[in-house]
Amino acid sequence: MNARTTRTLAAALSLTAALAISGCSSDSDAKAGADKPKMAVSGAFMPEPVNDKMAGAFMVIKNESKTADKLTAVTSPISDDLQIHEAKDQKMQQVAAMDVPANGELRLERGGSHVMLMGLKSTPKVGDKVTVELRFEKADPVKVELDVKERTYNAQNTSAH
């Protein structure tokens, strides 16, 4: 075998290996995409804040997949400090993440778990919409428009059929 044949053979083997590796990663990427949780949000609202210090956000996050996930962060142009809060033993505490069960839902509601927007850059009024983006451990981010409602507004229990 001469040097030219050796180089040609080496190049062919390298190309074959590269194609085989990329083929494997494409298959695994496609499979991973099929298992990736898909989130849907309903009933999103924010009671009109009393001032620009804080506001709450409430909604139902439904996981429409067989893979459990976690809500890990929330962002919004109206505040640089959004916190995920959990109500435990009648006390509110900030948590790093909240579970969104497979084929289940995470209910963020008054008196329970919710999102807090701290240090608002403006004070939204009834009828306004506030955009937030939910970030998850596995699922793609979800943009949500919160309807600003009266301070006394409370969503109806949608789990009763």
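Me: How do the residues lining the largest pocket divide into nonpolar, polar and charged?
Reply: In this predicted model, the lining of the largest pocket has eight nonpolar, four polar and four charged residues. The volume of this pocket is about 250 Å³. Of its 16 lining residues, P49, M54, A55, G56 and M116 are the closest to the centre. Met, Ala and Pro count as nonpolar, while Gly counts as polar.

Me: Which elements give two or more residues to that lining?
Reply: They are strand 2 and strand 8 (114-118). Strand 2 gives the most, with four residues.

Me: Why is H85 called buried?
Reply: The relative accessible area of H85 is 7%. Buried means under 20%, so H85 is buried. H85 is found in strand 4 (residues 81-88). Beyond residues up to four places away in sequence, H85 touches M92, Q93, Q94, M98, S113, H114 and M116.

Me: What makes the pair H85 and Q83 a polar contact?
Reply: Their side chains are joined at 2.7 Å, and the cut-off for a pair of N or O atoms is within 3.5 Å. The pair therefore counts as a polar contact.

Me: Why does K62 count as partly exposed?
Reply: K62 has a relative accessibility of 36%. Buried is under 20% and exposed is over 50%, so K62 counts as partly exposed. K62 lies in strand 2 (residues 54-63).

Me: How far apart are K62 and A40 in sequence and in space?
Reply: They are 22 residues apart in sequence and 5.1 Å apart in space, C-alpha to C-alpha. Leaving aside neighbours within four places in sequence, K62 is in contact with K38, M39, A40, G104 and E105.

Definitions and conventions:
Residues are numbered from 1 along each chain as its sequence is written. This is a predicted model: local features need pLDDT of at least 70, side-chain atom pairs count only at pLDDT 80 or more; totals for chains, interfaces and linings use all residues. Side-chain values use heavy atoms; hydrogens and water are left out. Buried means under 20% relative accessible area, exposed over 50%, partly exposed in between (1.4 Å probe, protein chains only). A polar contact is a pair of N or O atoms within 3.5 Å; within protein, one must be able to donate a hydrogen and the other to accept it, and residues adjacent in sequence count only if both atoms are side-chain atoms. Contact means heavy atoms within 4.5 Å. On a 1 Å grid over the protein atoms alone, a cavity is a set of points where a 1.4 Å probe fits but cannot get out, and a pocket is an open set with protein on both sides within 12 Å along at least five of seven lines; lining residues have an atom within 4 Å of a point. Grid points are joined across faces, edges and corners, and a volume is the space filled by probe spheres set on the points.
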